[in-house]
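Trainee: Let us go through this model by question and answer. Please end each reply on the thing I asked for.

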Amino acid sequence: MGIPASEAFAVSTHILKQRIKGNKRYPLVMMLEPLWRCNLACVGCGKIQHSEEILGTYMSPQECWDAADECGAPIISIAGGEPLIHPQIGEIINGFIERKKFLHVCTNGLLLERWLPRLEPSKYLTFTVHIDGMRELHDEMVDRKGVFDKAVAGIREAKRRGFRVSTNTTVFADSSPEQMRELFNFLMDDLDVDGMQVSPGYDYPKAPNQKVFLQRPQMIETFRQIFAFPERKHWRFFQTPIFLEFLEGKTAMQCTAWGNPTRTVMGWQRPCYLMNEGYVKTFDELINETEWDRYGYGRDSRCTNCMAHCGYEATAVKATIASPLEGVRAAISTMGGKKA
Ligand code: SF4
Ligand code: SF4
């Protein structure tokens, strides 16, 4: 898969163990939202609309580690809200590294430079910085000027200090293929990020601006145009080739939301990171008592326009591991490289 070799190995081993045990549903990446408060208010965000009381609730480090133990996923993706405003985020990160969990800290980058001197690079730690476009487009999507420059400065400093850095780009209706091309070339050739992730925006009903979301046919057309640029072969994605082909409409897949279970300040969220049908107290209840077959494309109207990695990348990873040829293709795709 399009992730670093050590993580790919951990995920492959995990899947094989689950298959040997005869488990039908098992997590690959735990989405952890230890807070929902954020220092931004992006136009397409579906996470920051909670009451002030809920926004003031933070999970403790022990609750974060216990959730990971309960779930057993080899990869933890800490999102939010903005994880770097959690007062104990350093302790949470270090605790996961001690437990040998592969950790992706998903940040808008505003506080990255402040946190870096307090952390050590590790093969278990990746900062995933949210970048939706070059300066003008990104600042428009996050609704604040200066955020792009701050995030870029954070990425440069993280790279200088030896941290692994990837980026996460959400493609919205306002993001033209040409703008994405310019961004991906900048991230690869100028910032030299270790990898990139890309996903279409999910049409959160509560997002402040509903006009930013693409419908599924438009998403597919946009991704076709983005991946048709000749520089595509230099772009390193921390995602499987199968998932990227799905975005272009070359492959059909069904969502496996149980592959990316979400633990929030309110408990385990059903059924996924994007859609909220309530919370349960334990991972066991989530995995065994959720009616998973009710969700996904063609099953629930709220899934119609979802092509997000939290629903479909787990499907793609399983397909990759099931096929040796796909495994080789995935390994090659992570190499990317500089433009000639
Ligand atoms: S940075 Fe993330 S959590 Fe914060 S407002 Fe933007 S999309 Fe929402
Ligand atoms: S398709 Fe899957 S990930 Fe997307 S909203 Fe539906 S259940 Fe969630």
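Trainee: Is D192 buried or exposed?
Mentor: A residue is buried if 20 or more other C-beta atoms, placed from the backbone, lie within 10 Å of its own, exposed if 12 or fewer, and partly exposed in between. D192 has 12 other C-beta atoms within 10 Å, so D192 is exposed.

Trainee: What kind of model is this, and how is it numbered?
Mentor: Residues are numbered from 1 along each chain as its sequence is written, while chains are lettered from A and ligands numbered from 1 in the order in which they are written. Local features need pLDDT of at least 70, side-chain atom pairs count only at pLDDT 80 or more, and totals for chains, interfaces and linings use all residues, this being a predicted model.

Trainee: Where is D192 found?
Mentor: Helices (H or I, at least four residues) and strands (E, at least two) are DSSP runs, numbered from the N terminus. D192 is not a glycine, yet it has a positive phi of about 55°. Its place is the loop between α8 and β6 (195–200).

Trainee: K100 is not a glycine; what is its phi?
Mentor: K100 sits in the loop between α4 and β3 (102–107). Because it has 12 C-beta neighbours inside 10 Å, K100 counts as exposed. Its phi is positive, at about 60°.

Trainee: How far apart in space are K100 and K123, C-alpha to C-alpha?
Mentor: Along the sequence, 23 residues separate K100 from K123. In space, the distance between their C-alpha atoms is 9.4 Å.

Trainee: What separates the C-alpha atoms of E136 and G296?
Mentor: E136 belongs to helix α6 (residues 135–141). E136 counts as exposed because it has 11 C-beta neighbours inside 10 Å. G296 is 160 residues from E136 along the chain, and the gap between their C-alpha atoms is 34 Å.

Trainee: Which residues does M253 touch, not counting those up to four places away in sequence?
Mentor: M253 lies in the loop between α10 (241–247) and β7 (262–264). With 20 C-beta neighbours inside 10 Å, M253 counts as buried. Touching means that the C-beta atoms, placed from the backbone, lie within 7 Å. Leaving out residues up to four places away in sequence, M253 touches F246, Y312, T315 and A316.

Trainee: And how far apart in space are M253 and Y297, C-alpha to C-alpha?
Mentor: The two residues are 44 places apart in sequence. From the C-alpha of M253 to the C-alpha of Y297, the distance is 8.8 Å.

Trainee: Is α3 roughly parallel or roughly antiparallel to α4?
Mentor: Axes are lines fitted to C-alpha atoms, for helices over the stretch in contact, and angles run from 0 to 180 degrees between N-to-C directions. Angles under 35 degrees count as roughly parallel, over 145 as roughly antiparallel, 65 to 115 as roughly perpendicular and the rest as oblique. Helix α3 (residues 61–71) packs on α4 at about 30°, with the axes 9 Å apart. That angle makes the pair roughly parallel.

Trainee: What classes of residue form the contact of α3 with α4?
Mentor: P61, C64, W65 and A68 in α3 meet E91, I92, G95 and F96 in α4. Ala, Val, Leu, Ile, Met, Phe, Trp, Tyr, Cys and Pro count as nonpolar, Asp, Glu, Lys and Arg as charged, and the others, Gly among them, as polar. By class, the contact of α3 with α4 has six nonpolar, one polar and one charged.

Trainee: Which residues in α9 does α8 meet?
Mentor: The axes of helix α8 (residues 177–190) and helix α9 (residues 216–227) come within 9 Å and cross at roughly 45°. That makes α8 oblique to α9. From α8, the residues P177, M180 and R181 take part, and in α9 they meet T222, Q225 and I226.

Trainee: Is the peptide bond from R270 to P271 cis or trans?
Mentor: P271 lies in strand β8 (residues 267–271). With omega near -15°, the bond from R270 to P271 is cis.

Trainee: What is omega for the peptide bond from G80 to G81?
Mentor: G81 is in the loop between β2 (75–78) and α4 (89–98). The bond from G80 to G81 is cis, with omega near 10°.

Trainee: Which residues are closest to ligand 1?
Mentor: A residue counts as near a molecule or strand if its C-beta atom, placed from the backbone, lies within 6 Å of it. The shell around ligand 1 divides into seven nonpolar, four polar and two charged residues. Of the 13 residues that surround ligand 1, the closest are C38, L40, C42, C45 and N108.

Trainee: And which residues come nearest to ligand 2?
Mentor: The shell around ligand 2 holds eleven nonpolar, two polar and one charged residues. Of these 14 residues, the ones that come nearest are C255, C272, C303, C306 and G311.

Definitions and conventions: Contact = placed C-beta atoms within 7 Å.
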